[in-house]
Amino acid sequence: MARKLYEYMAPDQAGLKLMESEDGKDLFMQGLFIQGEVKNQNGRVYPKDEIHRAVESVRTRLSKGETVLGELDHPEELQINLDRVSHIITDMSVNESDGLGKLKIIDTPMGNIARALLKAGAKLGVSSRGSGNVNESGKVSDFDIVTVDI
């Protein structure tokens, strides 16, 4: 049975960059969303092929027009709570064994909190939220990304 998997990445570790649209209306965060082939702080290792498959699944969802929403903070359930949505994942890709991404902060109560914190200079990280199996050595299989949260 697959279990819930949550992986947090600090802003410096993720190399997150803030970007604004030319008109200053839109705010984006871009960088490393999930790291592969290294033992993370939870003692898990995401093999390169699992990262590639999971990221490709998100890319397919996006290409089919699905909106991939993310939340501010890190809820315990896999379901997206619409009252906590702060951003939309706009792109994901792979670089070697890592999953990279870009998200857009949106005009919701939680999005406005995230925007205010970021504009004030707060360093916010990201965390992947998904499901998969973990063996005794911490190796993850059957990994599926639900979203990436701030």
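Let me start with helix 2. Its buried residues are E50, I51, A54, V55, V58 and R61. Seen down the axis of helix 2, those buried residues fall within an arc of 120°, so they line one face of the helix. One caveat before I go on: this is a predicted model.

What sits over that face? The cover on the buried residues of helix 2 includes strand 3 (27-34), strand 4 (68-71), strand 5 (85-95), strand 6 (98-105) and strand 8 (140-149). The face turned away from the buried side carries the exposed residues D49 and S63.

A quick check on geometry. Helix 2 runs over residues 48-63, which is 16 residues. At 1.5 Å a residue, the helix should span 22 Å. Its end C-alpha atoms are 22 Å apart, so expectation and model agree. After helix 2 comes G65, with a positive phi near 90°.

On to helix 3, residues 109-119. Which residues of helix 3 are buried? They are G111, A114, R115 and L118. They cover an arc of only 100° around the axis, which puts them on the same side of helix 3. Strand 2, strand 3, strand 5 and strand 6 are among the elements covering them. Helix 3 also has a glycine after it: G121 follows, and its phi is positive, near 100°.

I have two cases for you. Take E37 first. Its phi is positive, about 65°, although E37 is not a glycine. Where does E37 lie? In the loop between strand 3 and helix 2. E37 is partly exposed, because its relative accessible area is 45%, and the exposed class needs over 50%.

Then E96. Here phi is near 60°, again a positive value in a residue other than glycine. E96 lies in the loop between strand 5 and strand 6. Is E96 buried or exposed? Exposed, because its relative accessible area is 63%, and the cut-off is over 50%.

Follow the chain into strand 6 and you reach L100. L100 counts as partly exposed, because its relative accessibility is 27%, and buried would mean under 20%. Look at its partners. Leaving aside neighbours within four places in sequence, L100 is in contact with G31, L32, F33, D91, M92, S93 and N95. L100 and I34 are 66 residues apart along the chain, and their C-alpha atoms are separated by 6.9 Å.

Last item: the pocket. How much volume does the largest pocket have? About 180 Å³. Its lining consists of P11, D12, L16, K17, L18, M29, L118, G121, A122, K123 and L124. Two elements give two or more residues to that lining: helix 1 (11-14) and strand 2 (17-20). By class, the lining has seven nonpolar, one polar and three charged residues.

Two names in that lining came up earlier. L118 lines the pocket, and L118 is also one of the buried residues of helix 3. G121 lines the pocket too, and G121 is the glycine with positive phi that follows helix 3.

That is the tour. Happy to go back to any part of it.

Note on methods. Residues numbered from 1 in each chain as written. Predicted model: local features only at pLDDT ≥ 70, side-chain atom pairs only at ≥ 80, totals over all residues. Heavy atoms only, no water. 1 Å grid on protein atoms, 1.4 Å probe; cavity = no way out; pocket = protein on both sides within 12 Å on 5 of 7 lines; lining within 4 Å. Points joined across faces, edges and corners; volume = space filled by probe spheres on them. Helix = DSSP H or I, 4+ residues; strand = E, 2+ residues; numbered from the N terminus. Nonpolar A, V, L, I, M, F, W, Y, C, P; charged D, E, K, R; others polar. Expected span 1.5 Å × (residues − 1). Buried < 20%, exposed > 50% of the residue type's maximum accessible area, 1.4 Å probe, protein only. Arc of directions from axis to C-beta. Contact = heavy atoms within 4.5 Å.
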